[in-house]
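Please walk me through this protein model in plain terms. I have not seen it before.

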Amino acid sequence: MKQKTHRNHYVPQFYLRFWSHDGKEVLRYDTLAADERVPLWQKRSIKSTACLTDFYTQSKDGSDDDGVEELFADRYESPARPVFHKVSLGQSISPGELSTLIDYVAAQLVRTPAWFQRSNELYANVFDSVAPRVIDDALQQARNLKEGKPPANFPAPRAVDPFPQAPIRTTIDTEEGTIQVDSIVGRQSFLNSSGNALAGKIAATLHSHSWEILEFPESLPLPTSDNPVVLFGRYGDGTSALSSGIGQRGTDIFFPITPHHLLFTEVGRGTEEIAAINIDRALPSIFEAIVCNATRYIFAENRMPWVEKVRPRVVSSEQYEREEQRKRGWGQEQSNIEDGFRR
C-alpha cells in the first residue's frame, strides 16, 4: 500500500528550490520571533519549511486519508513542474502551458494557512444565511413524516471529491420540538471551501483574465512567501489594499514563478494593455505587496535588507507560542475546532 503523507507542504518543495542555491535549503525571513537574538534571516531545510502536519489529512472509514495532498501533487504540481523549468530558462511557453500555470496559481491560492483563515472568516459570516434554509429543509422532512409521505430529496451539502462536505449538522428533538443547526469552523470547512473554489468560479475567473510573464533582471530578484499569490487592488480614490477580489476590475494578481519571472494580470485589461505596462513604475508596489502578503515567512535567494523595513519583525514569546500552538491544532481533529455556531 502507498504510504500516507502526513507532512503537507502548502508551498511545494519544487517551487522553493528556485530560491535555493543548493536545492536543499532556502533563506527565510520569519515575521515573528520569540526572542530578539534569533537572526532575522536563517537558512531552513526546504523539506521542513512551509509545511504542517496533517493540514490536509482527513479521517475516512476509521483511517487517515491523504487524497487532498495527492490531488494537489498529481493534478497541479506535476503538470506545472516542466512549465516552471521552461520559464526559469527564459523559454517561451504555449497557451496550454500557460493554462497549466494558471491552474497551479488557483491551487496555490486555496491551500495555504492564509486561505484557512480567510475562508473560515467568510464561512462564519454566511452561516446565518445558510442556517434558515437548513431548518426549512428539516421542517419539510418533519411534515412529510407526519403526513406519511416519503422523505424529501434535499441535496447534501456540496462537496468535491476528495474534499470533505461542509461541516453542518442538523439535530431534531421531537420531545422538545426543536431543530438545532450546528457548524464548526476549522479544517473541514477550510478544505470544503478549497474544493469548491477549484471546481467553481475562482479557477474559471482566473482563466478568464489575460496573463503575461514579466522578466526581472539579475540585479532585481524577486522574493516569494508562504502566501505567494498576491491580490493587489486599486480603488477610485487612489488607495490600494491586499486581498482584493479576483474578478474586481483594476485588481492586480501576480505570482513569482522564479526570482526573475512573475506571472501577472490586471483584471479588466487585455493582453496588449498588460504587455504595455511600465514595469519600472510598477516595481515598488510589486515588491512591497509580495512581502506584505506573507502570512509568516518570506523567502529569498540572498538577504534583502529592505524587507526588514517594509515588514518589521515582531518579537514576542507569547504571540510566537500562540501561533505555533494554533498551527499544531490545525492537524488535530479535536483541536481543529476554532469556533462553533449554533441556531
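Is Glu324 buried or exposed? At a relative accessibility of 17%, Glu324 counts as buried, where buried means under 20% relative accessible area, exposed means over 50%, and partly exposed lies in between (1.4 Å probe, protein chains only).

Before going further, some ground rules. This is a predicted model, in which local features need pLDDT of at least 70 and side-chain atom pairs count only at pLDDT 80 or more, while totals for chains, interfaces and linings use all residues. Residues are numbered from 1 along each chain as its sequence is written, and side-chain values use heavy atoms, with hydrogens and water left out.

The protein has 10 helices and 18 strands. Helices (H or I, at least four residues) and strands (E, at least two) are DSSP runs, numbered from the N terminus. Of its 343 residues, 45% count as buried. Contact means heavy atoms within 4.5 Å. Among contacts between residues at least 6 apart in sequence, 72% join residues at least 24 apart.

Glu324 has a partner in Lys327: their side chains meet in a salt bridge, with 3.5 Å from N to O. A salt bridge is a side-chain nitrogen of Lys or Arg within 4 Å of a carboxyl oxygen of Asp or Glu. Side chains of opposite charge can pair when their charged atoms come close. Both Lys327 and Glu324 lie in helix α10 (residues 317-330), 3 residues apart, which is about one turn of the helix. Lys327 counts as buried because its relative accessibility is 14%. The pair belongs to a network of salt bridges that links Asp30, Arg296, Glu324 and Lys327. By the rule given above, the count comes to 12 salt bridges.

The next stop is a pair of helices. Helix α2 (residues 67-88) and helix α3 (residues 95-109) pack at an angle of about 130°, and their axes are 9 Å apart. Axes here are lines fitted to C-alpha atoms, for helices over the stretch in contact, and angles run from 0 to 180 degrees between N-to-C directions. The two helices, α2 and α3, are therefore oblique to each other; angles under 35 degrees count as roughly parallel, over 145 as roughly antiparallel, 65 to 115 as roughly perpendicular, and the rest as oblique. On the α2 side, the residues making the contact include Phe72, Tyr76, Val83 and Phe84, and on the α3 side they include Thr100, Leu101 and Tyr104. The residues of this contact of α2 with α3 divide into 10 nonpolar, 1 polar and 4 charged. In this grouping Ala, Val, Leu, Ile, Met, Phe, Trp, Tyr, Cys and Pro count as nonpolar, Asp, Glu, Lys and Arg as charged, and the others, Gly among them, as polar.

The side chains of Lys86 and Glu97 meet at 3.2 Å, N to O, with Lys86 in helix α2 and Glu97 in helix α3, 11 residues apart. Lys86 counts as partly exposed because its relative accessibility is 23%. Arg111 sits in the loop between α3 and α4 (113-146), 34 residues from Glu77. Both Arg111 and Glu77 are buried.

Thr112 is in the loop between α3 and α4 as well. With a relative accessible area of 1%, Thr112 is buried. Leaving out residues up to four places away in sequence, Thr112 touches Tyr10, Phe55, Phe190, Asp226 and Asn227.

Phe287, in helix α8 (residues 279-292), is buried at 10% relative accessibility. Its contacts, apart from neighbours within four places in sequence, are Phe216, Leu220, Pro221, Leu222, Pro223 and Trp306. Phe287 and Leu220 are 67 residues apart in sequence, and their C-alpha atoms are 9.8 Å apart in space.

Finally, some details of the backbone. Most residues other than glycine have a negative phi, and most peptide bonds are trans. Ala50, in the loop between β4 (41-45) and β5 (51-53), has a positive phi of about 55° although it is not a glycine. Asp54, in the loop between β5 and β6 (58-60), also has a positive phi, near 55°. A cis peptide bond joins Asp161 and Pro162, with omega about 5°, and Pro162 lies in the loop between α4 and β8 (168-173).
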